[in-house]
Amino acid sequence: MSLQTTETAAKRLELLREVIAGLRRVAVLGNVGNPSNVLELSEVNTAAKTLGLDATIFEIRRAEDITPAFDALKGRVDALYVCNDPLFIATAIRINTLAHGAQLPTMYGIRQLVEAGGLMSYGPNYPDLFRRAAEYVDKILRGARPGELPVEQATRFDLIVNLTTAKALGLTIPEPFLLRANEMIE
């Protein structure tokens, strides 16, 4: 199963731009020790240029790099894009606390980070992916050769918005945007 992290980076930036009027500068946190994040950082940078946004990349290697990155971005950006990485999942509360303190709306690719106080996420529906992965396991247990099974793309994507965070940041999310959301957290 493919998570399509890099393929949906541009969509996440577009959604962020829809919510934040006058968005011009975006900070991007990525774990450069993760090859997938390196690809996502490149895609975000390309998408930002296409959308007329200035992306400032912050290369994170360990949890201790997060606070200094926030110190460096304060007052320099309008929003924060966080790449999908286990390091950021483990430090979600710290990232969201720092983002709230800096009055920065956040965009993630994983809903759990929005549940932890982030503004919004757009990414594959993980329960759907898990069900489909179970189907692959069943096929393999019935004799299918793993190398002959195709890599499947995610088919369901979720837009999650945290209305409590939006209110705390003083953001008014446009009604048409909210109508497109799969879930709103209050």
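The buried residues of helix H2 in this predicted model are Asn37, Glu40, Leu41, Val44, Ala47 and Ala48, where buried means under 20% relative accessible area, exposed over 50% and partly exposed in between, with a 1.4 Å probe and protein chains only. They lie on the same side of H2, because they cover an arc of only 135 degrees around the axis, the arc being that of the directions from the helix axis to the C-beta atoms. On the other side of H2, Pro35, Leu39, Lys49 and Thr50 are exposed. The buried residues of H2 pack against helices H1 (9-19) and H4 (86-90) and strands S1 (25-31), S2 (54-60) and S3 (79-82), contact meaning heavy atoms within 4.5 Å. Helices (H or I, at least four residues) and strands (E, at least two) are DSSP runs, numbered from the N terminus.

Just after H2, Gly52 takes a positive phi of about 75 degrees.

Strand S5 (residues 120-124) is mostly covered, since five of its five residues are buried. Strands S4 (residues 106-108) and S5 run parallel and are joined by two bridges, whereas S5 and S6 (residues 157-162) run antiparallel and are joined by five bridges; two strands pair if DSSP finds at least two bridges between them. Met120 in S5 is the bridge partner of Met107, and Pro124 stands opposite Phe157 in S6.

Residues are numbered from 1 along each chain as its sequence is written. Local features need pLDDT of at least 70 and side-chain atom pairs count only at pLDDT 80 or more, while totals for chains, interfaces and linings use all residues, and side-chain values use heavy atoms, with hydrogens and water left out.
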